[in-house]
Every structure is written in C-alpha cells, then in structure tokens.
Amino acid sequence: MARHEILVLDRIFSGEETRQMEFKAHDRLSSSQITVDELDRKLFQPASRTICAFLNINEECDLFLGIMDSGRVKGHYMFAAQKEHFQQNLNLLMRKQFSPPVDDYRYSVNFVGVQTEHETFKGNDVVPNKAHKLLDKPGHCWCEQDIRIAKRENSKKPPLYVIQVKIHKWDPKRESDPEHNVIWPYYTNEDGKCYKRHQASNHEVMQDTLYEETAIDVTRFYGKKGS
C-alpha cells in the first residue's frame with residue numbers, strides 16, 4: 001500500500017480489508033491497554049494480534065488505526081506528544097513483549113493527517129521532554145490528559161491522524177539474531193499466542209499446527225530459491 005499524505009474525515013478509504021491490510025477504529029496496541037470487561041465483551045481486540053499475524057505471513061502489510069471496519073475515516077486526536085507515545089509503545093511491544101524480539105527494520109509507522117471537507121490539515125507542535133507511561137490503560141498518561149483538556153476547553157484543537165503501521169518482509173541480511181538468517185521466525189505476541197493471517201482475519205495457530213506450517217514454509221522458501 002502506498003504512503004498516504006492526507007485523508008478526509010468520514011470519507012470511505014480507497015481500499016478494503018484483505019490478507020495484507022486491516023482497519024481498526026481504536027489505537028490500542030496491547031492487551032494491557034484493554035480492560036477485562038472490554039475483552040470479555042469483545043469490544044476491542046488488541047492490534048498486536050494483527051501485527052503478529054502480519055509478521056508471520058512474511059508479506060508487506062498495512063494496519064490502519066483510525067479507520068472503521070466499513071472503511072470510513074475517523075482518525076485519532078494527537079499532538080506530537082501522543083505520536084511519540086504511540087511510537088514508544090510500539091517499540092516496547094515489539095522489542096520486549098513479542099517473542100522473539102522484532103528487529104526495527106520489520107516495522108515502521110506513518111501518521112497520516114486527516115482533514116475535514118472544509119479545513120486544511122495543520123499538525124505541527126513541539127514534544128515536551130517528559131516520560132510517558134507505556135502500554136498502560138487509556139487515559140493514564142499525561143499526554144492523553146492533555147488531549148482531553150484541549151478538546152474540552154477548545155483552546156487548541158488537536159490534529160487528527162490515522163496511524164499506519166507498516167510490516168515489512170523478513171530480510172536475512174538484516175536480522176540481528178543469527179538463528180533467524182535461515183528462515184523467518186514465527187512470532188508470539190505479549191499474551192504468548194501465535195497468529196497468522198487468512199484472507200482478511202487473524203487466526204490463532206496452535207503448536208502442533210505451527211510445526212507443520214513451519215515445515216511447509218521452509219520447503220516453499222528453499223524450493224523457490226532453487227528454481
């Protein structure tokens with residue numbers, strides 16, 4: 001999927017959910033950011049499940065946070081501090097909570113500005129030098145409180161963004177772990193679960209199935225190299 005520069009609020013996104021692309025209205029990366037009640041009622045599924053599934057199919061994939069399942073663009077209110085907070089959350093998730101740790105080259109983030117039909121997008125501000133509370137419940141960090149205050153007082157309207165998380169293909173020459181130079185690893189997310197992508201949905205892969213699918217992937221990969 002090409003890099004987007006500006007989207008229009010409430011318009012339908014030019015694409016649909018596929019094996020390599022998913023939309024989520026929320027921006028919660030980890031299960032630690034979702035309450036037990038929300039999980040039980042299936043109000044939210046952490047984005048980590050989709051990220052894990054994308055990594056495990058080893059294709060170029062895009063996750064858009066701030067777009068509804070219908071494709072309608074909604075976005076998230078974010079000052080520069082919230083963008084920094086999201087990037088730090090994602091880095092912590094990938095480097096410390098996924099197993100094995102995900103190398104930096106395998107993912108990237110693009111904050112796509114969202115404007116209304118009648119307003120031009122404006123999105124520049126300065127990040128205060130303050131530490132964030134990472135992968136915590138929504139509203140627990142100072143930067144999220146700043147957003148609520150700005151929206152309530154209407155003092156400075158926060159810009160809207162759709163967050164594009166791009167997952168990139170495995171490159172054996174760029175892997176930091178020598179054990180991953182032969183075939184791409186299968187990842188588990190922060191809950192210790194492994195997911196793969198089938199059509200436009202995520203499916204948990206059990207251990208016995210994982211062994212079988214790994215053998216298939218190795219055979220397919222080296223078969224292509226030899227052809």
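User: Which residue in E8 does tyrosine 195 stand opposite?

Analyst: Tyrosine 195 faces glutamate 204 in E8. The model is predicted, so local features need pLDDT of at least 70 and side-chain atom pairs count only at pLDDT 80 or more, whereas totals for chains, interfaces and linings use all residues. Residues are numbered from 1 along each chain as its sequence is written, and side-chain values use heavy atoms, with hydrogens and water left out.

User: What makes E7 and E8 a strand pair?

Analyst: Strands pair if DSSP finds at least two bridges between them. E7 (residues 195-198) and E8 (residues 201-204) have four bridges, in the antiparallel sense. Arginine 197, for example, has asparagine 202 in E8 as its bridge partner. The two strands form a hairpin with two residues between them, and glutamine 199 in that turn has a positive phi of about 55°.

User: How many helices and strands does the protein chain have, and what makes a run count as one?

Analyst: There are five helices and eight strands in the protein chain. They are DSSP runs, numbered from the N terminus (helices: H or I, at least four residues; strands: E, at least two). Their order, read from the N terminus, is β-β-α-α-β-β-α-β-α-β-β-β-α.

User: Why is the protein chain called as compact as a globular protein of its length?

Analyst: The globule rule is 2.2 Å times the number of residues to the power 0.38, and the radius of gyration is taken over C-alpha atoms. For 227 residues the rule gives 17 Å, and the radius of gyration of the protein chain is 19 Å; because these values are close, the chain is as compact as a globular protein of that length. Along the principal axes, the C-alpha atoms fill a box of roughly 60 × 35 × 35 Å.

User: How do you know that the span of helix H3 agrees with its number of residues?

Analyst: The expected span is 1.5 Å times one less than the number of residues in the helix. H3 (residues 80-97) has 18 residues and should therefore span 26 Å; the C-alpha atoms at its ends are 25 Å apart, which agrees.

User: Which residues of H3 are buried?

Analyst: Buried means under 20% relative accessible area (exposed: over 50%; partly exposed: in between; 1.4 Å probe, protein chains only). The buried residues of H3 are Ala80, Ala81, Gln82, Lys83, His85, Phe86, Asn89, Leu90, Asn91, Leu93 and Met94. Across the protein chain, buried residues make up 46% of the 227 residues.

User: Why is histidine 180 called buried?

Analyst: Histidine 180 has a relative accessible area of 11%, and therefore counts as buried. This residue lies in the loop between strand E6 (160-167) and E7.

User: What makes leucine 135 a buried residue, and what is its phi?

Analyst: The relative accessible area of leucine 135 is 7%, so the residue is buried. Its phi is near 50°, a positive value in a residue other than glycine. Leucine 135 belongs to the loop between E5 and H4.

User: Why does aspartate 10 count as partly exposed?

Analyst: Its relative accessibility is 33%, so aspartate 10 counts as partly exposed. Aspartate 10 sits in the loop between strand E1 (6-8) and strand E2 (21-24). Although not a glycine, aspartate 10 has a positive phi of about 75°.

User: How do you know that valine 112 is buried?

Analyst: Valine 112 has 0% relative accessibility and therefore counts as buried. Strand E5 contains this residue. Valine 112 and alanine 215 are 39 Å apart in space, C-alpha to C-alpha, and 103 residues apart in sequence.

User: What is omega for the cis peptide bond between serine 99 and proline 100, and where does proline 100 lie?

Analyst: Omega is about -5° for the cis bond that joins serine 99 and proline 100. Proline 100 is placed in the loop between H3 and strand E5 (107-115).
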